[in-house]
Amino acid sequence: MTRPLLCVALLMLLPFTAPAALAEPAPIPASTSGEPYELVRALQAVQDGIANGDTAAHGNHLALIRQVGEKFLAADAGVWSNPQNGQAVVIYLLSGGAPQIVRKLPRDKMNIDERLFNGALAYVEGRQDEARELLKDVKPRAIPSGLGGQVALVQGALFARSEASFAIERLDDARLLLPGTLVEEAALRREILLVGQAEDFDKFEFLTLAYIRHYRNSIYAGDFWQRFSTGLTQSSLALDESRFARITALLEQIDRASRLKLHLVIARAAMLRGRLTVTRLASERALTLSADASADRERAHLFRGASRALTDEYDGGLAELKALDRSKLPERDVPLLNVAMQLALDIRKPFMGGSADKSPATPARLDLASSTATIARAQKQLGELELLTRDRRP
């Protein structure tokens, strides 16, 4: 299916944000000779400004793309024999240029690899299978870096779903070939999700810190953090207690509301997976971030109470669960509260004895390792609850 013009190439890799009212684009520097490759360099310089948070560049770059396209059409046919100019056409396409413009250029005069030219056209026109076939064997490091980085970024997009490891390799190439550019910024945003899905925490942390260091002011930073959140919470990356401090340090880089949301998501996921230490750590962080009497605070108490009642603070955890205001919990969390309460009661049963109307003393510390059957049932019920709620997770 053909994509709209404004969703081609790099713009397909970026979240669409309605630009400010289009002013006249900044004129192409007078120092350029008018050679297509110099026009494209000027366009890339503007786009790199977007990666650094230049809102004026963001508002003008679509108009500048049109301006470059018009100059391409007006250029003398003889300029296209220069290999640099042929490469510039491909870069123009993969930087958001219009395929309609490129199809009007004198293709027979161009000195450019057929695979690159046809693969770029197929990609921006939405012919993904054809683009994959044409571009897969292209080695980005074997061609000029300006073009190689763009092609590597597109390869990362084309193979993200079908061959994730190959896509990660190509996104690494994009970052290395064009550091400090919008290409590197876009590669970081795309790769963060893939390495999260691959459960590679060290690289996940590395990419996050690289983005913070170089692109935290990018116009598209919000998209990065959305992908970061998805990669973190739809995997097991956040469920290892030994690296929780590192997770917390990463989350300190985002705003308070987002930190709260993510800590609650982590606490819930950890509880559903039976990772009660992480549940406790994440819920306590959420408590420090939530407002008094808020729904978020009730959820944090739910997760902390469950983690306490099911480990070594039975009485305090059960009291915390009983004190919850159920009306403030989202519907998806009510079954979780019910299961937590039932499990807590079941854990106490092995210690009950004597008269039915006399409550036994609760041990100072419960040795859950000795209650194999209870723990197995808890894991089973939490697993069943995970399946029931999977499609409704926040």
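Hi everyone, let's start where two helices touch: Ile65, Val68, Gly69 and Phe72 in α3 meet Ala88, Val89 and Tyr92 in α4, a contact here being heavy atoms within 4.5 Å. By class, that contact has six nonpolar residues, one polar and no charged ones. For the classes, Ala, Val, Leu, Ile, Met, Phe, Trp, Tyr, Cys and Pro are nonpolar, Asp, Glu, Lys and Arg are charged, and the others, Gly among them, are polar.

A quick word on the source. This is a predicted model, where local features need pLDDT of at least 70 and side-chain atom pairs count only at pLDDT 80 or more, while totals for chains, interfaces and linings use all residues. Residues are numbered from 1 along each chain as its sequence is written, and side-chain values use heavy atoms, with hydrogens and water left out.

Back to our two helices. The axes of α3 (residues 55-74) and α4 (residues 83-94) come within 12 Å and cross at roughly 150°. That makes α3 roughly antiparallel to α4, the cut-off being an angle over 145 degrees. Axes are lines fitted to C-alpha atoms, for helices over the stretch in contact, and angles run from 0 to 180 degrees between N-to-C directions. The crossing is left-handed, so the near helix is turned anticlockwise from the far one by less than a right angle.

Stepping back, the protein chain has 19 helices and zero strands. Those are DSSP runs numbered from the N terminus, with helices being H or I of at least four residues and strands E of at least two. Of its 394 residues, 53% count as buried; buried means under 20% relative accessible area, exposed over 50%, and partly exposed in between, with a 1.4 Å probe and protein chains only. Among contacts between residues at least 6 apart in sequence, 66% join residues at least 24 apart.

Now, which residues does Leu116 touch, not counting residues up to four places away in sequence? They are Val90, Leu135, Val138, Ile143, Leu147 and Val151. Leu116 lies in helix α6 (residues 114-124) and is buried, with a relative accessible area of 6%. Its C-alpha atom is separated by 8.0 Å from that of Val138, 22 residues apart along the chain.

On to the aromatics. A search of the whole structure finds eight aromatic pairs. Rings of Phe, Tyr and Trp (its six-membered ring) pair if their centres lie within 6.5 Å, with planes under 30 degrees apart stacked, over 60 edge-to-face and the rest tilted. Phe72 is buried at 1% relative accessible area, and Trp80 is buried at 0%.

Tyr211 and Tyr215 have ring centres 5.9 Å apart and planes at 50°, so that pair is tilted. Being four residues apart in helix α11 (residues 201-215), they are separated by about one helical turn, and both are buried.

Last, a look at the backbone. Most residues other than glycine have a negative phi. Glu199, in the loop between α10 (182-197) and α11, has a positive phi of about 65° and is partly exposed at 37% relative accessibility. Ala293, in the loop between α15 (276-289) and α16 (295-309), has a positive phi near 65° and counts as exposed at 54%.

Terms used. Angles under 35 degrees count as roughly parallel, over 145 as roughly antiparallel, 65 to 115 as roughly perpendicular and the rest as oblique.
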